[in-house]
Amino acid sequence: MGEEKKGFFKRLVSGLTKTRDNIVSGMDSIFHGFSKIDDDFYEELEETLIMGDLGVRATMDIIEDLKVKVKEQHIKEPIECRQLVIDSIREQMDVGETAYEFENRQSVVFVIGVNGVGKTTTIGKLAGKLKAQNKKVILAAADTFRAAAGEQLREWSNRAGVEMIGGQEGADPASVVYDAVAAAKARRADVLLCDTAGRLHNKKNLMEELKKINRVIDREYPDAFRETLVVLDATTGQNALAQAKEFNEVTDITGIVLTKMDGTAKGGIAVAIQSELGIPVKYIGVGETIDDLQKFDSEEFVNALFYREEERP
Ligand SMILES: Nc1nc2c(ncn2[C@@H]2O[C@H](COP(=O)(O)OP(=O)(O)OP(=O)(O)O)[C@@H](O)[C@H]2O)c(=O)[nH]1
Ligand SMILES: [Mg+2]
């Protein structure tokens with residue numbers, strides 16, 4: 001592992017401490033507490049995974065998978081199931097190889113989510129990452145609902161050293177995006193990142209506005225590769241899942257960004273979201289600074305989630 005990667009992994013491990021304590025202690029007491037693999041064992045395990053916010057569907061899949069393997073491999077000891085459960089989650093969470101294609105294409109990243117989940121912060125962090133790869137990045141400040149929103153994005157654009165296109169408070173967000181697309185074309189930008197409002201006068205308004213912005217991008221920038229990221233706050237657990245479902249009705253979501261994974265005990269929600277929606281979690285936020293966004297790596301994730309410091313493989 002390179003030094004930078006090591007640093008990221010460390011942050012991930014420390015960010016997931018509460019989630020790990022939550023899930024691992026429960027699992028350990030089952031794996032060590034049961035002397036044989038029976039219905040009670042499976043029931044307890046099921047309960048622990050659900051309590052760990054992995055969701056009903058993912059939990060059922062994991063248990064089914066485990067039962068098959070236990071039978072096939074003639075496993076007798078509960079403790080042997082531990083690794084099987086971990087492997088099962090890792091396989092389920094694999095994002096696939098094409099997940100970050102937008103980084104290498106001329107693309108528009110449309111970032112949506114309810115208020116306060118971390119959209120603007122995530123865009124700032126992403127801009128920093130892309131800039132570090134020598135990409136030409138432009139930010140579109142399409143949250144014109146609050147005056148402070150544009151200023152907040154401006155700060156991030158300065159921090160990341162990228163350009164931002166904004167509008168006055170109350171300006172039509174779709175027209176800001178229209179201008180930003182024109183700028184992206186004129187300057188041959190690699191990636192255009194669009195920030196959006198998380199709250200309007202009501203939810204219907206918000207959804208209609210997002211559709212409108214989406215249409216502008218489709219119409220004005222048809223050649224651009226499209227990435228639509230829904231940002232979800234991991235601390236809200238099952239609520240995050242419900243939000244993702246709603247946004248998925250408005251537009252085709254291509255990925256999830258799960259923020260505030262640091263300090264939450266509900267990090268297992270990443271597994272639930274992937275399993276229930278079939279949409280990959282592509283990034284996770286583990287803090288408030290520009291370096292605190294990581295690509296989702298299922299191997300690292302399960303390692304950080306399940307192994308305590310002293311037993312990490
Ligand atoms: N601890 C932690 N805080 C985060 C993370 N991501 C964002 N935040 C914080 O969450 C708060 C809200 O972040 P914003 O980026 O403003 O959220 P937003 O979705 O743009 O909010 P609206 O524009 O109001 O819809 C800020 O205080 C951020 O610093 C994260 O990964 N970890
Ligand atoms: Mg914002």
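With G287 we are back to the backbone, where an N or O atom lies 3.3 Å from a ligand oxygen. Taken alone, ligand 1 exposes 650 Å², and the protein buries 81% of that; accessible areas here come from the Shrake-Rupley method with a 1.4 Å probe, and for residues only the protein chains shown count as cover.

A word on ground rules: residues are numbered from 1 along each chain as its sequence is written, while chains are lettered from A and ligands numbered from 1 in the order in which they are written. Because the model is predicted, local features need pLDDT of at least 70 and side-chain atom pairs count only at pLDDT 80 or more, whereas totals for chains, interfaces and linings use all residues, and side-chain values use heavy atoms, with hydrogens and water left out.

Now for the rest of the ligand's surroundings. There are 20 residues around ligand 1, and K119, T120, T121, D262 and E288 come nearest (near means that a heavy atom of the residue lies within 4 Å). Helix α6, residues 119-132, gives the most to this shell, with four residues. Helices (H or I, at least four residues) and strands (E, at least two) are DSSP runs numbered from the N terminus. Sorted by class, the shell has three nonpolar, 10 polar and seven charged residues. In that sorting, Ala, Val, Leu, Ile, Met, Phe, Trp, Tyr, Cys and Pro are nonpolar, Asp, Glu, Lys and Arg are charged, and the others, Gly among them, are polar.

Step back to the whole chain. The domain assignment, which is automatic or from a database, gives domain 1 (3-95) and domain 2 (97-306). Their C-alpha centres lie 30 Å apart. Across the boundary, 31 residues of domain 1 are in contact with 40 residues of domain 2, contact meaning heavy atoms within 4.5 Å.

Next, strand β8 (residues 293-295), which holds L293. L293 is buried, with a relative accessible area of 1%; buried means under 20%, exposed over 50%, and partly exposed in between (1.4 Å probe, protein chains only). Not counting residues up to four places away in sequence, L293 touches F8, T122, K125, L126, K129, V257, Y283, I284 and G285.

The buried ones are S298, E300, F301, V302, N303, A304, L305 and F306. D297 caps the N-terminal end, with a side-chain oxygen 2.9 Å from the backbone nitrogen of E299.

Some loops are worth a look too. D143 is in the loop between β2 (137-142) and α7 (147-160), and at 7% relative accessibility D143 counts as buried. A polar atom of its side chain lies 3.2 Å from the backbone nitrogen of F145. Leaving out residues up to four places away in sequence, D143 touches A149, G150, D195, T196 and A197. T251, in the loop between α10 (238-250) and β6 (255-259), is likewise buried, at 6%.

Most residues other than glycine have a negative phi. D53, between α3 (39-51) and α4 (56-72), has a positive phi of about 70 degrees and is buried at 11% relative accessibility. R188, between α8 (173-186) and β4 (191-196), has a positive phi of about 50 degrees, but R188 is exposed at 69%.

Last stop: R219 in helix α9, residues 203-220. R219 is exposed, with a relative accessible area of 56%, and a polar contact of 3.0 Å joins its side chain to that of E220.

Note on methods: A polar contact is a pair of N or O atoms within 3.5 Å; within protein, one must be able to donate a hydrogen and the other to accept it, and residues adjacent in sequence count only if both atoms are side-chain atoms.
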